[in-house]
Amino acid sequence: MTLPEPFISCYPGHLFAGVDEVGRGPLAWDVVAAAVILDPERPIDGLNDSKKLSEKRREYLFDEIQVHAKSWCIARATVVEIDQINILQASLLAMRRAVEGLHIQPEHVLVDGNKLPKWKYAAEAVVKGDSRVAAISAASILAKVARDREMLELDKQYPGYGFADHKGYPTKVHMDAIEKLGITPIHRQSYAPVKARIEQIELF
């Protein structure tokens with residue numbers, strides 16, 4: 001397996017934040033972002049892209065990051081905001097809120113992906129950053145665990161949709177549930193499968 005190329009930032013210091021988001025693809029619920037400033041004197045072993053870690057490992061690292069990081073913040077953009085401004089802009093908004101929410105403000109920000117939010121910070125976009133920059137890996141873990149936990153609670157609130165398993169992604173189980181049970185207040189009405197179901201209902 002080829003390892004991702006290490007990222008070398010133009011920023012030479014240590015007071016930088018890593019930022020990532022989770023939840024662009026699901027048909028339901030908020031998009032969640034996190035920002036993390038790691039402490040070089042308190043390293044955390046095992047940081048990696050959250051998608052490459054087991055659920056048990058993510059849960060363990062979630063606590064480790066909150067204990068050992070210099071600063072961290074979890075933020076979001078809501079379903080309403082996603083429908084109003086589109087998922088890309090909502091993702092960037094969530095990331096901006098995460099950085100602005102850090103109790104220690106960074107001198108520089110490294111953002112996963114190829115786009116940067118509109119903000120006051122010096123920043124770099126890092127493609128595959130969640131595998132190349134430890135602080136972004138940490139942010140991806142915080143965001144994913146936080147959102148997954150929320151989906152477990154929403155599964156209790158909206159039984160029958162399978163949110164605890166698919167986390168809102170458009171699986172067959174989810175699509176069948178939408179067809180059978182209709183849409184909920186947490187569904188993104190601007191997304192094509194959800195919009196199609198709304199239009200189908202309006203025809204009758």
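This is a predicted model: local features need pLDDT of at least 70, side-chain atom pairs count only at pLDDT 80 or more; totals for chains, interfaces and linings use all residues.
**Entry 1, aromatic rings.** I searched the whole structure for aromatic pairs and came away with three. I looked at Tyr-11 and Phe-16, whose ring centres are 6.3 Å apart with 70° between the planes, an edge-to-face arrangement. I then checked how accessible the two partners are: Tyr-11 has a relative accessible area of 15% and is buried, whereas Phe-16, with 23%, is partly exposed. I next turned to Trp-119 and Tyr-121, whose planes stand at 85° with the centres 5.2 Å apart, so I noted this pair as edge-to-face too. Here I found both Trp-119 and Tyr-121 buried.

I also looked for a charge over a ring, and noted that the charged end of Arg-149 sits over the ring of Phe-62, at 4.4 Å from the ring centre.

The largest nonpolar core here has 27 residues, and the members that touch the most others are Val-19, Val-99, Leu-102 and Val-109. I traced where the core comes from: strand 1 (16-22), strand 2 (31-37), strand 3 (71-77), helix 3 (87-100), strand 4 (108-112) and helix 8 (192-202) each supply at least two of its residues. Helix 3 gives the most, with seven residues.

Which helix holds Leu-92? I found Leu-92 in helix 3, and at 9% relative accessibility I count this residue as buried. Beyond its neighbours within four places in sequence, Leu-92 is in contact with Lys-115, Leu-116 and Pro-117. I also took the C-alpha separation of Leu-92 and Gly-129, which is 15 Å for residues 37 apart in sequence.

I noted about 320 Å³ of space in the largest pocket. Its lining consists of 19 residues, and Asp-20, Glu-21, Val-22, Lys-51 and Asp-112 lie nearest the centre of the pocket. Among the elements that contribute, strand 1, helix 3 and helix 5 (134-157) each supply at least two lining residues.

I placed Ser-50 in the loop between strand 2 and helix 1 (55-68). Is Ser-50 buried or exposed? I count Ser-50 as buried, because its relative accessibility is 4% and the cut-off for buried is under 20%. Sequence neighbours up to four places away aside, Ser-50 touches Arg-58, Ser-140, Ile-141 and Lys-144.

I went on to Ser-140, which has its place in helix 5 and is buried with a relative accessible area of 2%. Leaving aside neighbours within four places in sequence, I listed its contacts as Asp-20, Asn-48, Asp-49, Ser-50 and Asp-130. One of these, Asp-20, is also among the residues nearest the centre of the largest pocket. Last, I checked Ser-140 against Asp-176: these two are 36 residues apart along the chain, and their C-alpha atoms are separated by 30 Å.

Notes. Residues are numbered from 1 along each chain as its sequence is written. Side-chain values use heavy atoms; hydrogens and water are left out. Rings of Phe, Tyr and Trp (its six-membered ring) pair if their centres lie within 6.5 Å; planes under 30 degrees apart count as stacked, over 60 as edge-to-face and the rest as tilted. Buried means under 20% relative accessible area, exposed over 50%, partly exposed in between (1.4 Å probe, protein chains only). A charge sits over a ring if NZ of Lys or CZ of Arg is within 6 Å of the ring centre and within 35 degrees of the ring normal. A nonpolar core is a set of buried Ala, Val, Leu, Ile, Met, Phe, Trp, Tyr and Cys residues joined through side-chain atoms within 4.5 Å. Helices (H or I, at least four residues) and strands (E, at least two) are DSSP runs, numbered from the N terminus. Contact means heavy atoms within 4.5 Å. On a 1 Å grid over the protein atoms alone, a cavity is a set of points where a 1.4 Å probe fits but cannot get out, and a pocket is an open set with protein on both sides within 12 Å along at least five of seven lines; lining residues have an atom within 4 Å of a point. Grid points are joined across faces, edges and corners, and a volume is the space filled by probe spheres set on the points.
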